[in-house]
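Please look over the sequence and the structure, then read on.

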Amino acid sequence: MKYFIYPFVFFVFLSGIYPSDHGYYMYKFEIDKNDNISLHTSNHVDSKLKTSKIQKHIHNSILYKIKNNESDIIFEGEIDNPRIIHFEDFIGSVPSKTKVVLENSFFVVKVPNFSDIDKIEFYKSDKHDLVFEKLSEIKLTNNINNSTREIFPVTDIMVNGSNDARVNIVFLGDGYKQNQMDQYISDVEEVTDDLFNTIPYSNYMNYFNVYAVEVPSEDSGTDHPGTAPDCGGYNDNVFYADTYFDSSFDLYNIHRLLYIQDQSAAFDVLADNVPDWDIIFVMVNTTMYGGAGGTFAVFSRHASSSEIAIHEIGHSFAGLADEYWAGFNYAGEYANMTANNNPETIVWNSWLYDNGVGIYSHNYPGNEWYKPHQNCKMQFLGPPFCSVCVEHTIKSVYDILEPINSYYPENLEVVASASELVYFGIEPILNFPNTLSINWFIDNQLIAEDVEDIELETYMYSLGEHEVKVIIEDFTDLVRNDSSNLLKSEFVWNLIIECNTSPDLNNDNQINIQDVIILVNHILDFSSEIECIDLNEDGLTNVLDVIFIINRILD
Ligand SMILES: [Zn+2]
Ligand SMILES: [Zn+2]
């Protein structure tokens, strides 16, 4: 009985989700104008932590190393400098970009639940990531708690599966009063629809969830103090609003720089309501053009807000460069920007001369830097992403996700007897059109193609260990260059086939004369159905096993 896996058990398990791996901790830090870092709060999140498979290159980054009691590094990562935000202006005749350094800022580090965690060390890199200066060393405790938890309604805008197995986009709204929440939700839906009508997000929609946290503000709108020297025609259009995240225009003397000033509150709302966020959008309830990208992508309800949001996610999620010349501050080696113009070795070589992809120099004075296209969404609002940007976006999805909702058995070590049916299965996350192939292998021999589950009859295999492997690979023609094999994932189970020790040899839930007959036939070598029977587990199949089974029947 205990060795037989019934099909209905199988399906129950398939609808489950990944084990949580005991969750992770989320630490909120403040960084001041002298780059001093202090710990504010920590929260435990009962969800699987997504980690990147490939090392990313981030300019002006902050590195962190988590150490244990023995001072060994047990976890490390890199984040964008949380004091730096970027303001992009697409309204002028040519797009422009400005970097602003905030006086102070907040940021969150997500750390797996280690039992021997001791401290976190922060390092700041120079522009070329060559020199790292130690900023702070902070003792970590898992007991600081945010006592003022605020729970708000969270609207499911698009939920395709467990947050563990999706890229989670979370919207916060600022300057929406309680009675404007319908407007807020419809604004969020509009941006979401536009994003998922854009290639490649449309093809990989199933890989994302979208949530909107309904945080009401006292007043409608935002602040425009009219204090920036470039307020221009908006000089007289001054307004103030008491909003939850304290968003404002005119920050750092730039009229269109709209950002939230209370980032700490934003992180608290996220921690208490959707802690497993991956991408944060803040939508400010004003139609005046403005926004900025940093830890939070902030934008207004201006007519081009969807396009700005989609361009911004190209930076924050996919790590793409602008394809307009944004200045030497922003020049570097990216998937869609390079100083190497050799057609043989250029990073987008596999796309060269297809779909308008070429080697185009940036405008003077950036003409020694090159971009793949002349009309990409990373250059202008409106056009689609170029093939190179599409490819890199898909790879960014696979960098943190496997295309799998769930797998069965959840225990990767499977022990079965020599006469059992054993089931293995995965539930894939399908893209549109579906380009996933699913192949099953036993001991590296292909046994099934393009099926989500298999059943194995163990008597067909020898006693001992076998490797059951499923390889899921996305053969989309939107990706040509995948040298790190991000689009290929595999799951491996270790199947151990043991001698039969269950006296119910015919699996009919009864131990009776039928089982004795099977055993005796086996001993006399009349039956090949069961490879191995050893009921008393003495390493032999003989009359002692017959006595064992008869004693069980007489019990
Ligand atoms: Zn940009
Ligand atoms: Zn592009």
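Pro-365 is located in the loop that links strand S18 (360–361) to strand S19 (370–371). Helices (H or I, at least four residues) and strands (E, at least two) are DSSP runs, numbered from the N terminus. Tyr-364 and Pro-365 are joined by a cis peptide bond, whose omega is about 10°.

A cis peptide bond also leads from Tyr-408 to Pro-409, here with omega near 0°. Pro-409 has its place in the loop between strand S20 (404–408) and strand S21 (413–417).

## Basis of the model and the chain as a whole

The model is predicted: local features need pLDDT of at least 70, side-chain atom pairs count only at pLDDT 80 or more, and totals for chains, interfaces and linings use all residues. Residues are numbered from 1 along each chain as its sequence is written, while chains are lettered from A and ligands numbered from 1 in the order in which they are written.

The protein chain contains seven helices and 27 strands. Its C-alpha trace spans about 100 × 60 × 50 Å along the principal axes. Of the 555 residues in the protein chain, 38% are buried. A residue is buried if 20 or more other C-beta atoms lie within 10 Å of its own, exposed if 12 or fewer, and partly exposed in between, with C-beta atoms placed from the backbone. Two residues are in contact if their C-beta atoms, placed from the backbone, lie within 7 Å. Among contacts between residues at least 6 apart in sequence, 67% join residues at least 24 apart.

## Helix H4 and its crossing with H2

Helix H4 (residues 305–316) has 12 residues, which at 1.5 Å a residue should span 16 Å; the end C-alpha atoms of H4 are 16 Å apart, in agreement. The expected span is 1.5 Å times one less than the number of residues in the helix. H4 is mostly covered, with 10 of its 12 residues buried. The buried residues include Glu-307, Ile-308, His-311 and Glu-312. Those buried residues pack against H2, strand S15 (279–284), strand S16 (291–293), strand S17 (297–300) and H5.

Two packed helices are described by the angle between their axes and the distance between the axes. The axes of helix H2 (residues 181–195) and H4 come within 9 Å and cross at roughly 55°. Axes are lines fitted to C-alpha atoms, for helices over the stretch in contact, and angles run from 0 to 180 degrees between N-to-C directions. H2 and H4 are therefore oblique to each other; angles under 35 degrees count as roughly parallel, over 145 as roughly antiparallel, 65 to 115 as roughly perpendicular and the rest as oblique. On the H2 side, Glu-190, Val-191, Asp-194 and Leu-195 meet Ser-305, Ser-306, Ala-309 and Ile-310 of H4. By class, this contact has four nonpolar, two polar and two charged residues. Ala, Val, Leu, Ile, Met, Phe, Trp, Tyr, Cys and Pro count as nonpolar, Asp, Glu, Lys and Arg as charged, and the others, Gly among them, as polar.

## Helix H5

The 14 residues of helix H5 (residues 387–400) should span 20 Å at 1.5 Å a residue, and its end C-alpha atoms are 21 Å apart, which agrees. H5 is mostly covered, since 12 of its 14 residues are buried. Among them are Cys-389, His-392, Lys-395 and Tyr-398. The buried residues of H5 pack against strand S11 (167–174) and H4.

## Residues in loops

Thr-458 is found in the loop between strand S25 (453–457) and strand S26 (464–474). With 25 other C-beta atoms within 10 Å, Thr-458 is buried. Leaving out residues up to four places away in sequence, Thr-458 touches Ala-416, Ser-417, Ala-418, Ser-419, Glu-420, Val-422 and Ile-497. Gly-327 lies in the loop between H4 and S18 and counts as partly exposed, with 13 C-beta neighbours inside 10 Å. Gly-327 and Lys-97 are 230 residues apart in sequence, yet 7.8 Å apart in space, C-alpha to C-alpha.

Most residues other than glycine have a negative phi, and most peptide bonds are trans. Ser-71, which is not a glycine, has a positive phi of about 65°. Ser-71 sits in the loop between strand S3 (61–68) and strand S4 (73–80) and counts as exposed, with 9 C-beta neighbours inside 10 Å.
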